[in-house]
Amino acid sequence: MAAENNGVDIETSEDNEFSSGRGVGGRKYRPVFAHDHDRAILEMSSIDPGVRASSSASLNDAKKLNAGMPQNMTSEARDRSLPSHGGVNGSQTESKLELFGFDSLVNILGLKSMAGDQAQTPLSPVDGDDVPVNVERPQASSVKLGTMMGVFVPCLQNILGIIYYIRFSWIVGMAGIGQSLLLVAFCGSCTFLTTISLSAIATNGAMKGGGPYYLIGRALGPEVGVSIGLCFFLGNAVAGALYVLGAVETFLNALPQAGIFRDTQTFVKVNGTDVAQPITSPSLHDLQVYGIIVTIILCFIVFGGVKMINRVAPAFLLPVVFSLFCIFVGIFLARTNYPAEGITGLSLQSFKDNWGSEYQMTNNAGIPDPTGKIYWNFNALVGLFFPAVTGIMAGSNRSASLKDTQRSIPVGTLAATLATTILYLVTVLFFGALATRDKLLTDRLLTATVAWPVPAITYIGIILSTLGAALQSLTGAPRLLAAIANDDILPVLNYFKVADGSEPHVATLFTAFLCIGCVIIGNLDLITPTVTMFYLLCYGGVNLSCFLLDLLDAPSWRPRWKFHHWSLSLIGALICIVIMFLISWTFTVVSLALASLIYYYVSIKGKAGDWGDGFKSAYFQLALRSLRSLGASQVHPKNWYPIPLIFCRPWGKLPENVPCHPKLADFANFMKKKGRGMSIFVSILDGEYHECAEDAKAACRALSTYIEYKKCEGVAEIVVAPSMSDGFRGIVQTMGLGNLKPNIVVMRYPEIWRRENLTEIPATFVGIINDCIVANKAVVIVKGLDEWPNEYQRQYGTIDLYWIVRDGGLMLLLSQLLLTKESFESCKIQVFCIAEEDSDAEELKADVKKFLYDLRMQAEVIVISMKSWDIAQAEQQDESVEAFSLARERISGYLAEMKGRAEREGRPLMADGKNVVVNEAQVEKFLFTTLKLNSTILRYSRMSAVVLVSLPPPPLNHPAYFYMEYMDLLVENVPRLLMVRGYRRDVVTLFT
């Protein structure tokens, strides 16, 4: 059987039930088969969501598959790659794995099956995306790089550049040996601490394209990641211009006759002579012309493809290493005035003379000139030298090409950082003892002057190293911009998107234009502070990311690199900020303003992305601490906020794709002062949880989207229960945490129950009110929800409160919250108090006025006496008497039906499955009371904007049908009514 299966040619067909498909949770996998001697051989293919693979599926049932078989595979290898599906073993293996009910770990983790298939992980998980696992034909694996060629060499090539060759000796002459050592240590500590933070973040999981942007974005969120990533892109583009200008300046100094324009000459006293001698420097126009030409040539090379660049890039490092060897050999061979005037050889006297600093005025070319416009100090030298220690991100940018990312990045980056820092420190000592200060300040190419055997070797090394670094910048910057665009956070960057494996040509052109613009400036010393600011922003972002992740210490924070601490990251971030302000507070403010502007633009125009950033973890921990600090005790009335539980499930039907009544969301917003507070929108699905779980998730997503569309701050919850009553009883008991549990239940009054003969509504409605009373929740029932105004419909008139019972001040507070909204801000409040006798009216009115004054509430108080009254008189005056008569008739009929059923079945009176005791006189009294209250509302509040009335609790042992009749009579002909019942807590206070 196995031999027969191995000989089958597996192909795909259009009617194959295993054709690719995708739906909600629609990723399915082929059943698992095994040889007699194999543990598990897995094959994966996407299955159409409508098709389920049965546990007894075999290869013949699955038609034929040839999705992952290389064409050039030998028959022997093909036999090894295809599993044997026959026999008992295949069935047993299949049933064993099916028992667990989960996808195979090999498929989930993206490991290769024996057929060569490999699952691809998404580049950037964006909130709401359901990323499928694609199966492609196996491709030849690309050559993976180790620590040396993958990280150490690129970092070394980027760090060692133009500053070391043509500026470092000048820096030693200007700052002296002592402050130069301090300068190297200060800048080196910044990159060293950043490397520590980079190593920790890079070893906390797999890295994708984008380098530092990817790390910062996943740690601090897409807004911070995009803002710092774009600044880092600008820094790389400007750095490309820096390297191009350095190469051109070196070339023109080596071959002055190649200059098109006349060189600039500055007359200074050199080497202690009294006669000023001319010092030549390349013309600014020559730098611009040659710089533009070189940039264009480099862009053509970049368009040739990254493979060619990766082959050529290591060769650029060899001239650098050889030139360093020649420089140090020349330093040891140098003697007094050899190989040039001003050279002293390694002299202790020169070391002493050059120990202190000698800051002075220079011209734009850096030549000492008393009439120059630029004054140099330590702060300015930090900005000039710092680009010489940058480049530590070169290894992380190549993470996709590394064999072991989590080992190579920390070891290679740290080794390159320490090696270059030690090289700079040693070079400071040698340069300080090699020549006089005048020679250090005037010979811009001292490294070439002392190089052995001829300066041309150093010139070639400088030019090739700087061109190599420029090529890396022009290669890396477009890919960084393309990575930001591919994350689809900022719509304006859609032009720079590229497909996987394609070259970012549009981004390369844009980078080239930026680089040419900086080359036109032509002044190397003015460009370097700009590069420094952008790099420092990036390094500060990396340090801040590690600080936040390390401080929060979430369960997912498990970096393999153990030598890190949040305090080191914090110190690194602070050093970055200090360096920025030391260089130039103007550049610092401009760069921070640019990053803030990008951040604001991304937050407004960008698409929402959830990458599990550290800020979300910080919010979570802050919420937990705040929740614990609130405790479980009662909230003081001064700190009481309404947390409404909005019961979305309608008594009738809503239009399709509308999960909640639109006016309920509007009413939830009306219950908040200036939007402060939280609403919980809840709906209940009838059924069994196991059968309706997926429907509940879909409904929850739809409800969340809807309340976000309605701009209502809140959360959505869907509960599956056998019935609405059971679901609500579970909700009212368990919803919320601590003092953040909902305290008000808001629902619509079921006006349709009699019109549509929905006989189950009375019992459900009364049960919900009773559950709220038992759970000590306030209740607000909205009648006339369809007529409730939205935020743009201004209301006039009065807000009338019929304050009958003590409710903790909830009704008063709701009226004040309504006044804070534009719709009701033109209304006035009237408080109607009900007195039993006429003698109590004046005293009650005075007490209520005093109470409202102490509560800082302005309202007119009206006291109404509700004495016993004759129904015959009421029939002549009140238009609600007809409704009263009909209600009394329906109750009588319902009661007679109950009694007849009880007599026939020989049991006590029962309603809604419970025993009831009906006192007909009490029923009549309740009807009279609701009638009188309704007629009073119609008499005084017919033209009011909204009426608030105390909600009477359902009487004990009364049928739910009777209570609905009482409520219908109470709300009769009142267009917009809120029935409010407080709970056993005060929500307002008289005291400050």
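Figure 1. Helix 31 (residues 920–940) lies across strand 10, strand 11 (828–835), strand 12 and strand 15. Helix 31 runs at about 155° to strand 10. Axes are lines fitted to C-alpha atoms, for helices over the stretch in contact, and angles run from 0 to 180 degrees between N-to-C directions. Contact means heavy atoms within 4.5 Å. Helices (H or I, at least four residues) and strands (E, at least two) are DSSP runs, numbered from the N terminus. The model is predicted: local features need pLDDT of at least 70 and side-chain atom pairs count only at pLDDT 80 or more, while totals for chains, interfaces and linings use all residues. Residues are numbered from 1 along each chain as its sequence is written, and side-chain values use heavy atoms, with hydrogens and water left out.

Figure 2. The 10 strands follow the order 7-6-5-8-9-16-15-10-11-12, with mixed pairing. Strand 7 (714–721) and strand 12 (860–865) are the edge strands, each of which pairs on one side only. From one strand to the next, the twist averages 20°. Two strands pair if DSSP finds at least two bridges between them. Helix 26 (residues 761–774) also packs on the sheet, where it touches strand 5 (644–647), strand 8 (744–748), strand 9 (778–783) and strand 16 (977–981). The direction of helix 26 makes about 170° with that of strand 8.

**Figure 3. Strand 10 pairs with strand 15 and with strand 11.** Strand 10 (residues 798–803) and strand 15 (residues 946–950) run parallel and are joined by 4 bridges. In this pair, Tyr 802 stands opposite Val 949. Strand 10 and strand 11 also run parallel, with 6 bridges between them. Here Ile 799 stands opposite Ile 829. Buried means under 20% relative accessible area, exposed over 50%, and partly exposed in between (1.4 Å probe, protein chains only).

**Figure 4. Two separate nonpolar cores.** A nonpolar core is a set of buried Ala, Val, Leu, Ile, Met, Phe, Trp, Tyr and Cys residues joined through side-chain atoms within 4.5 Å. The largest has 140 residues, and those with the most contacts inside it are Val 226, Leu 381, Phe 385, Phe 386 and Tyr 424. Helix 9 (residues 222–254) gives the most to this core, 17 residues. Leaving aside residues up to four places away in sequence, Phe 385 touches Ile 163, Phe 168, Ile 171, Leu 183, Val 184, Cys 187 and Tyr 424. The second, separate core has 57 residues, including Leu 645, Val 745, Phe 832 and Val 947.

Figure 5. Helix 21 (residues 585–605) has 21 residues and reaches 30 Å from its first C-alpha to its last, close to the 30 Å expected at 1.5 Å a residue. The expected span is 1.5 Å times one less than the number of residues. Thr 588, Ser 591, Ala 595, Ile 598 and Val 602 are the buried residues of helix 21. Seen down the axis, they fall within an arc of 100°, so they line one face of the helix. The arc is that of the directions from the helix axis to the C-beta atoms. The face turned away from the buried side carries the exposed residues Trp 585, Val 590, Leu 597, Tyr 600, Ile 604 and Lys 605.

**Figure 6. Helix 22 also has a buried side.** In helix 22, the buried residues are Gly 614, Ser 617 and Leu 627. They cover an arc of only 150° around the axis, which puts them on the same side of helix 22. Exposed residues Tyr 619, Leu 622 and Ser 629 sit on the face turned away from that side.

**Figure 7. Backbone details in loops.** Most residues other than glycine have a negative phi, and most peptide bonds are trans. A cis peptide bond, with omega about 10°, joins Tyr 338 and Pro 339. Pro 339 lies in the loop between helix 11 (306–333) and helix 12 (348–353). Asn 337 is in the loop between helix 11 and helix 12 and has a positive phi of about 55°. Asn 337 is partly exposed, at 48% relative accessibility. Asn 776, in the loop between helix 26 and strand 9, has a positive phi of about 60°. Asn 776 is buried, with a relative accessible area of 18%.
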